[in-house]
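Look at the model below with its pockets in mind. This report takes them one at a time.

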Amino acid sequence: MTTGALAAYGVLLKIGNGATSETFTTIAEVRDIDGPELELEAKEVTSHDSGGWREYIGTLLTGGEVSFELNFIPTNATQSYTSGLIEDMVGRTKRNFQLIFSDTGATTWAFTALVTGFKPSAGVEDELLAEVTLQVTGQPTLAG
């Protein structure tokens, strides 16, 4: 029986404004969030005296990607071509983000990322959506 499971509902994804005294704004109407995809690359270092077993060492860490779906509101300041995620992608702008979890301590993971994908979809019987991909660059801060 679980004693610590948490509902994901209420997680926030925020984007920084880049100012010296940076403020963060919640990205409007984010739905499902995946990532960041933290990974450690492993390099094989097996030698003739490894006893017949492959051996590895850890090399570089990566923050991977964060992907999410949102209700696409083309004129929203956090999403638009003139001031939001689309503008950042076109401008190749690195931006600071915060992922704030729904636990009682509001655990916050902070990272810098590039918007590398923005894919709107408009099914005849569906709501206007967009899939967004962020490529984490550098070391994230994983506060807990």
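Which residues line the second largest pocket?

## The second largest pocket

This pocket is lined by L38, E39, L61, T62, G63, G138, Q139, P140 and L142. Two elements, β5 (56-62) and β9 (129-142), each give two or more residues to the lining. The top contributor is β9, with four residues. Strands here are DSSP runs of E, at least two residues long, numbered from the N terminus.

The volume of the second largest pocket is about 150 Å³. By class, its lining has four nonpolar, four polar and one charged residues. Ala, Val, Leu, Ile, Met, Phe, Trp, Tyr, Cys and Pro count as nonpolar; Asp, Glu, Lys and Arg count as charged; the others, Gly among them, count as polar.

## The largest pocket

The largest pocket holds about 280 Å³ of space. It has 17 lining residues, and A8, G10, V11, R31 and I33 are the closest to its centre.

At least two lining residues come from each of β1 (12-16) and β3 (30-34). The largest share, four residues, belongs to β3. The lining has 11 nonpolar, three polar and three charged residues.

## How to read this

The model is predicted: local features need pLDDT of at least 70, side-chain atom pairs count only at pLDDT 80 or more, and totals for chains, interfaces and linings use all residues. Residues are numbered from 1 along each chain as its sequence is written, and side-chain values use heavy atoms, with hydrogens and water left out.

A pocket is an open set of points on a 1 Å grid over the protein atoms alone, where a 1.4 Å probe fits, with protein on both sides within 12 Å along at least five of seven lines; lining residues have an atom within 4 Å of a point. Points are joined across faces, edges and corners, and a volume is the space filled by probe spheres set on them.
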